[in-house]
Amino acid sequence: MASISTTAPATSDEGTTPSPEPAISLEGVYKSFRSGSETVHAVAGVDLTIEQGEFFSLLGPSGCGKTTTMRMIAGFEDPTEGTVRLGGRDVTGVAANHRDVNMVFQSYALFPHMNVAENVAFGLKRKKVAKDEIKRRVTEMLDLVELGHRAKHRPTQLSGGQQQRVALARALVNQPAALLLDEPLGALDLKLRQAMQVELKRIQREVGITFVYVTHDQGEALTMSDRLAVMNNGGVEQLGTPAEVYERPATRFVADFIGTSNLIRGVVRGDVGGVWRVEIADGATALVAGSPDTVTSGTHLHLTVRPEKIRIGVDRPGDDVSAVQGVITETVYLGAATHYQVDIGGGEEITVYQQNVSDSAPVAERGATVWLSWPARHSYPLLA
Amino acid sequence: MRNRKLTPYVLVLPAWTWLALFFVIPIGGMLSLSLTTGNVITGFQQTFEVGNYVNAIGTYWEQILRSLFYGGCATLVCIALGYPMAYWIAFKGGAYKTTYLLLLLLPFFVSFVLRTISWRFFLSDNGVALGPLKDLGLLPEGFAVLNTAPAVILGLAYNFLPFMVLPIYAVLERMDPHLVEASHDLYANRFRAFFHVILPVSLPGVFAGVLMTFIPTSADYVNAAVLGGTDNTMIGNVIRTQYLVNNNYPIAASITFVLMGLLLIGIFSYARALGTERVMEVHTS
C-alpha cells in the first residue's frame, strides 16, 4: 500500500527497504499502580505490533487501558513491565521530548498565549529547524488542514472543529514516525465529527504517517481503521481488521461491544462434515462452521449471530441452514429497515434487522409465529 | 413601575450605591480637602490651592521615591519566593494542597502589627538570628539589620507574600495539565516547558499578584515605623503624621493623591509592557 506523500517525510529512505521495522511495537507491557493495599493493572500484558503507515485504533470502554497504552507510547507514562519500541528502537524509559511521536490531545491542549501559526511552529522551533523552513512547513501544514487564513488568530477565537485541526497540524508538522490521537473527536458534535472522520482519513492518506487512534466509539473505529485492537480490563480482546472483528468476534465481550449481536446458549450435539450441530432454545438446531477442535459433543457454548444476517419468514427453511421458530414480540419500523424482537423459547430473544427492499407490507406483525434462519458461516462459537 | 426596561438598573442599584457611598464620595471629599487652606482650629477653606501639591512633591519627593523603591523591592522578593511556592503547591501538592495553603495563611491569623513587631525580636542586633552568627564570628560585632532598608523590605515582603502566592496558585491550579504534556510531546525539556508555556500562561496571576503586593506595600507605614528606624521613613509614615499628629489635612490629602497618581501610572505602563490583552485575558483550557 504505497502512499503518496506531499511533505516528503524524513523516513522516506527507510520506506524503500523491503521489510521495514514496525512503527510501534509493545511487548508484554504492564502498567500497574497501587490502590490502597492492592495492585491494580491499568494495562495487563499488552502485545501489539503497528505497521508503518497504518491507521490503527485502540477501541474499548472507558477504563479499559487504551489511553494508558497510548500514553506509554507517547512517553507520558513508563510501563511497569515490558518493552515499547518505536521503529524497532527500544524507547522504554525515554522521555516524551526525545520520542519521535506526536500526540493530538482530547482537550487539544493548544497554547493559549500563542497564535495558530506559533502553536504549529512550537515543535519545529524546539528541534532547531531553520527559520525559513519552519515558515514554509507551517504554511504548508495550515493549508493542508485548511486554516491558512487563521494563522494569526488565537486558539480561543476558533471554533471547536478549527481548534481540532490546529492540534492536528501542530503534531503533523513535525513529520513524526507516528501520530497519536486520544479521542480527538470526542468534543465535537455529530455532524462535525463525521466530517472530521473523513478529513482525518484524507490527511492520513496524504501524509502517509502511522496513525494510532484511541476511541470508545466503535462506529468511528470500524469506519476509519486499517486494523484495530479491542481492549477490555487492560488487555487486548481481539486484534484484526474491522471486518474480521465485526464478522468474527473472538470473545463475548467483543461480540457485545461492537455492534449488536445475538448471543444464543447452546449445546453441541454432533459433527456433520466439519459443521457442528448445536442444539439451541427448545430443540432447534443451529449450524456452526469451523468450530475449534476443543469442542466436543455435549459442550455448552454461546454462539453469536449479527441481527442483519438472519432471515425472517413464515415458511420453514431447509436443513442446510440454522433454523429456529419463534414469536415476534416487537417490531420497530425504521424506514430503511425493520427491527424485530423474536422470542425463540427457553427465555431467549433474538434481534433481527430486515432491509425493507420492496414496498410490500412487513413480513409479519407482532404476535405472529415466524421462522428465523441463517447460514452456518454467520454464527461463531464463544466458549467463555 | 412595571417597566421591564428598568429592571437591570434596579438590579445594579445596590452596587452603584455602594460605590457612590464608599468610593466616589470619599475620593471627592479627599480631592476637595487637598485643595483647601487653613488649619484645624480656624477651619479649612475651599481655595483650590494647587500649592499643596507643589508643596507635597517638593518636600517629600524623597519619601515618595523611597516608598516606590521599597514597594518594588518587596514585590520582587514576593515573586521570587511566591512563584516557586505557588508552583510547588499547585503541581506537587497532591492531596494536601489545601493543607499547604492553610499553612501559608496560618501566620495571618495573628495581627498585622504584632507579626511585624515579632520581626523586631528576630532581627535585633543580638537576637535570635544575628546573635548566634556573631557569637560564631561569622558576622562582625557591629552588623545590624534592624533599622535598615533591607529590614523594611523584608518585613513588607513577609507581610504581603500570600497576596502574591494565591493569585499565581489560582492560575497554575486551573491550567490544563495537558498543556505541559503537549510541550514535552513537542520536544520541550522541563526548562523550556516552563519558560515557553507555564510561565507565559501564568502571567495574569503574576500581574494580579503584583497589583496586590506593590500597591499596599508602597503605601504601608507599619513596617517602616517598626523595622525601619528614623532613616527609612516611607510616604505612609508622612501621611500618618500629617493627618494624625500635625492635623494638616490638605497636605496629607495631596500627598495621598500624588502617591495614587504615581501608582496608577506605574500599573498602566506595567500592563502595557506585558501586553494588556495577555494580562487581562483569563486563560482556561
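1. Chain A of this predicted model holds an open sheet of 4 strands, in the order E2-E1-E4-E5, with antiparallel pairing. Strands are DSSP runs of E of at least two residues, helices are runs of H or I of at least four, and both are numbered from the N terminus. Two strands pair if DSSP finds at least two bridges between them. Strand E2 (38-50) and strand E5 (89-90) of chain A each have a single partner strand, so one side of each lacks a neighbour in the sheet.

2. Strand E4 (residues 81-86) of chain A runs antiparallel to E5(A), and 2 bridges join them. Arg85(A) has Asp90(A) of E5(A) as its bridge partner.

3. A further open sheet in chain A has 6 strands, ordered E6-E7-E8-E3-E9-E10, and its pairing is mixed. The edges are strand E6 (101-104) and strand E10 (235-240) of chain A; each has a single partner strand, so one side of each is left without a neighbour in the sheet. On average, neighbouring strands of this sheet are turned by 20 degrees against each other, direction ignored.

4. Within that sheet, strand E7 (residues 178-182) and strand E8 (residues 210-215) of chain A run parallel, joined by 5 bridges. Asp182(A) stands opposite Val214(A) in E8(A).

5. Helix H4 (residues 160-172) of chain A lies across E6 and E7 of chain A, at about 175 degrees to E6(A). Axes are lines fitted to C-alpha atoms, for helices over the stretch in contact, and angles run from 0 to 180 degrees between N-to-C directions. Residues are in contact if their C-beta atoms, placed from the backbone, lie within 7 Å.

6. Helix H2 (residues 116-126) of chain A packs on H4(A) at about 30 degrees, with the axes 7 Å apart. That makes H2(A) roughly parallel to H4(A) (angles under 35 degrees). H2(A) gives Val116(A), Asn119(A), Val120(A), Phe122(A) and Gly123(A) to the contact, and H4(A) gives Val166(A), Ala169(A) and Arg170(A).

7. Chain B touches chain A through 18 residues, against 16 residues from chain A. On the side of chain B, helix H7 (177-185) and helix H8 (190-219) are the elements that give two or more residues. H7(B) provides the largest share, 6 residues.

8. On numbering and confidence: residues count from 1 along each chain as its sequence is written, and chains are lettered from A and ligands numbered from 1 in the order in which they are written. Local features need pLDDT of at least 70 and side-chain atom pairs count only at pLDDT 80 or more, while totals for chains, interfaces and linings use all residues.

Definitions and conventions:
Contact = placed C-beta atoms within 7 Å. Parallel < 35°, antiparallel > 145°, perpendicular 65-115°, else oblique.
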